[in-house]
Amino acid sequence: MIEIIELTKIFSEKIIAVDNINLQIKEGKVVGFLGPNGAGKTTTINMIVGLCKPTAGKILIDGMDIREEPEKVKKIIGFVPDDPLLFEKITGISYLKFICDVFEVSIEERRKRGGWLLQAFKLLDAIKDPISTYSHGMRQKLALISALIHNPKILILDEPIVGLDPESASILKKIMKRHASKGNVVFFTTHIMEIAEKICDEIAIIDKGKIIFQGTINELRKIKGDKSLEQLFLEVTKSENEKMDFSFLD
Amino acid sequence: MKKWISLSLIELDQHYKISKNRYLLKHTKDETIPFFALLAVLATLIIIYFPFYLDFIKVNLEFYTLKGTESLFIAEFVMITGFIGFFLGAFVLIGEFFLKKDMKLLITLPLKPYEVILGKLSVVLCDQMIISLIFLLPALIYFGIYNHLSVGYYFSMALVILFSQIFPVLLVLVFILPISHLFKKFKNKELILYIITSIFMVLALIYIFSSNDIFFVVTKNPQNMPDIYINPRSIFSRLTWIYPPAFLAAKSLINTGIYRFSWTLGFIGFHIILLILSLYIGEKLYYSTYVNFLETSTSAKKEEEKNIDLLFNKVLSPNKALLKREWLYFLKTPSFSVNGFTNVLIFPGLCVLLAIIDAGIGINLQREIKGPLLGMKMYWVVIISSLAGSLSGLSYSCFSREGKFIKELKILPITSSQILRTKFIHIMQLSSIGIVSGALIGYLLFKLNFPEFVNVLIFSVIISIFFNLLQMLIDAFKPFFDWDNPQKAMKQNANGLFSILVIFGILILLGFLFYFLSNYTDQYYVLILFSCVFAVFDLLLWQILKTRTTNLLNED
């Protein structure tokens, strides 16, 4: 379980990226983290995985504080950042082997899970090539495989669908659902409302650093009316796109 | 013209982070600390070395004036500045032209290759200008004051200084453009480019040494000295072929009136012609070569290569996997590996060169230099060995070299101690090449006996550990992650400047202590004492570095 308690991140006096948020993400759930650009999604995720320090508040992963037991916490997290961190000069398989060694994945597990994932994402043909030869989508697939290969209890994905072809996107959605159904946590950000609507058990909406909604999509509909998630999202985040005048494009 | 100015301004802004630093200075005052620390280091360096340099200028000018060959004085300094610019600028130029990521953007913009080349050249030339300001400016100002010259001289002098780095930089560019074009289809083109440029530099070095009867004769071979007095004009004319800008610069500064004006125009014209030639070559080759640098080929796979069991066939412990990562990231980045290997071998190489010169042209080091040196022979071998082992450039950039991959280290389930231990082992593995080769060369040069050699080797290892840990600590305090080409993480990292200053300071202090203690006991025992003291320092430094690394990895 991920428990975020009164979490705040202030970059400077004028920039409060995350403003005293509380969030609880339970086992067995796929939770979508939605919000406009610059709302604080990536900053929150970066604090969960230990990439940046909270100004105030606490993050508990399986009851452990990342600041107190960083290695134990990181060991149960699989993370794909919005811009995958991959060293371009090495081959895909070298990178996967490195991840497996660091996460201490047994050779049988590597072959079983790694083999399945490489085949599912159709990366087997290119796995011995340098990462620099990969397309954006292939890099995204490699980052996803490396996050999944050690069977993490907590899977955190920042914009995982970006760059994936329809088939891989569909596979990933199924993997996310299945991973959560095994009692794990899947927490991800997306700007594609259809995906959130399709696979999320719950959603959390963040805007200007504050959580403005957390619950199921049906619960949101109960409050705001029976509309599409996109309409609901625009309403909750007080989007002004309906009032915009696009005539200058004519 | 407008595009070029706009592009150059953007490139300079990006290179020196002007906008970013202004923003940071406005918002976070802490950013001023490294800036002022750097200024303090530079000021210290200038205060320490400038009197020596001024003395060197003075002695040279008096010598040339006495022989009525003042033009050779100007030529000498223009040449020295040019050679330094050539050797230091070559790798910077490769980094700027072929490894910097901004080309991916520039290539898509409606800019002509020559405009991009000019933009990039302005960055390299601005970087190189520091060399002219340090070495050439004081010499030419001193020359003007010494000879009570007019304002016209200072005007021409300003132009000579402004243009002084153009020739060496363009020389490298004219060499690199066709070479990069030639090897653009090769798999390891970056590495090939570095290796061929290194060979080019070695050849240039041989060329400089082979033309030593121009200047080096004055200090190295007294027998040839009369040549310079008999026919200074012919020697001066030969400069046209050896280093043309030095000839033109000397002519424009030594003459007066219309002659000065004409030679200054000639000096400028020469550089403009060379620039046009470079731009012409660049226009033809640069974009097509760079596009190939962006491309990487994939190979057709055999069926057996898709065998999962063979793909995942070996398990490493996390520590070994980390060490493998460290070596892979180092070896696969030519800017790191070429610099690293060159640095560990440069001091032993220089010593071999000195020995060859000693044996070849008979400058009689044995009597004049070796005599006093032999009194502290063990210390000198320690210096060669420890400098070779600790100035690899790896330790002061151990965290900086990570760049954006520092994030990878932060999210992996490994402790800061594991990371530190891995980095230290990697650095010491490479350093050991320098330590052992330095000690062996020193052993042969200074004819140490075996127990002395072992003693020197042990102390060199201990003090190299100390120096490497110290440099790692410097880097851990202010790592430079935000580089856009890997060359900047090593060669253009301010932590290197701090490190060199600190290491040389310690070595001077140590030399003084060694000399002082050698009066009371055998140098053999002095080194044993030093080894014990520095072993304790190593342990203390390790603890401090561990704490600092943990803090660094916890920072945003």
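Mentor: A residue is buried if 20 or more other C-beta atoms lie within 10 Å of its own. Keep that cut-off in mind. This is a predicted model.

Trainee: What span should helix H8 of chain B have, and how far apart are its end C-alpha atoms?

Mentor: Count 1.5 Å a residue. Helix H8 covers residues 166-182, which is 17 residues, so it should span 24 Å. Its end C-alpha atoms are 24 Å apart, in agreement.

Trainee: How much of chain B counts as buried?

Mentor: Of its 556 residues, 38%. The chain has 25 helices and zero strands.

Trainee: What share of the contacts in chain B comes from residues 24 or more positions apart?

Mentor: Take contacts with a separation of 6 or more. Residues 24 or more positions apart account for 84% of them.

Trainee: How do I read a pair of helices? At what angle do H4 and H6 of chain B cross?

Mentor: Read the angle between N-to-C directions; over 145 degrees counts as roughly antiparallel. Helix H4 (residues 70-99) and helix H6 (residues 113-146) of chain B cross at roughly 160 degrees. H4(B) and H6(B) are therefore roughly antiparallel. Their axes come within 9 Å, and the crossing is right-handed. By class, this contact has 17 nonpolar, five polar and three charged residues.

Trainee: How does H1(B) pack on H6(B)?

Mentor: Helix H1 (residues 2-16) meets H6(B) at an angle of about 40 degrees, with the axes 8 Å apart. The two are therefore oblique to each other. This crossing is right-handed. On the H1(B) side, the residues include Trp4(B), Leu7(B) and Glu11(B). On the H6(B) side they include Val116(B), Gly119(B) and Cys126(B). The contact divides into seven nonpolar, four polar and four charged residues.

Trainee: Is Leu133(B) buried, exposed or partly exposed?

Mentor: Count the neighbours. Leu133(B) has 13 C-beta neighbours inside 10 Å, so it is partly exposed. Leu133(B) sits in helix H6 of chain B. Thr81(B) is 52 residues from Leu133(B) in sequence and 9.3 Å away in space, C-alpha to C-alpha.

Trainee: And Ile276(B): buried or exposed?

Mentor: Exposed, because it has 11 C-beta neighbours inside 10 Å. Ile276(B) belongs to helix H14 (residues 257-294) of chain B. In sequence, Ile276(B) and Tyr114(B) are 162 residues apart; in space, 9.4 Å, C-alpha to C-alpha.

Trainee: How far apart in space are Lys324(B) and Lys377(B)?

Mentor: They are 38 Å apart, C-alpha to C-alpha, and 53 residues apart in sequence. Lys324(B) lies in helix H16 (residues 318-331) of chain B. With 17 other C-beta atoms within 10 Å, Lys324(B) is partly exposed.

Key. Residues are numbered from 1 along each chain as its sequence is written. Chains are lettered from A and ligands numbered from 1 in the order in which they are written. This is a predicted model: local features need pLDDT of at least 70, side-chain atom pairs count only at pLDDT 80 or more; totals for chains, interfaces and linings use all residues. Helices (H or I, at least four residues) and strands (E, at least two) are DSSP runs, numbered from the N terminus. The expected span of a helix is 1.5 Å times one less than its number of residues. Axes are lines fitted to C-alpha atoms, for helices over the stretch in contact, and angles run from 0 to 180 degrees between N-to-C directions. Angles under 35 degrees count as roughly parallel, over 145 as roughly antiparallel, 65 to 115 as roughly perpendicular and the rest as oblique. A crossing is left-handed if the near helix is turned anticlockwise from the far one by less than a right angle, and right-handed if clockwise. Ala, Val, Leu, Ile, Met, Phe, Trp, Tyr, Cys and Pro count as nonpolar, Asp, Glu, Lys and Arg as charged, and the others, Gly among them, as polar. A residue is buried if 20 or more other C-beta atoms lie within 10 Å of its own, exposed if 12 or fewer, and partly exposed in between; C-beta atoms are placed from the backbone. Two residues are in contact if their C-beta atoms, placed from the backbone, lie within 7 Å.
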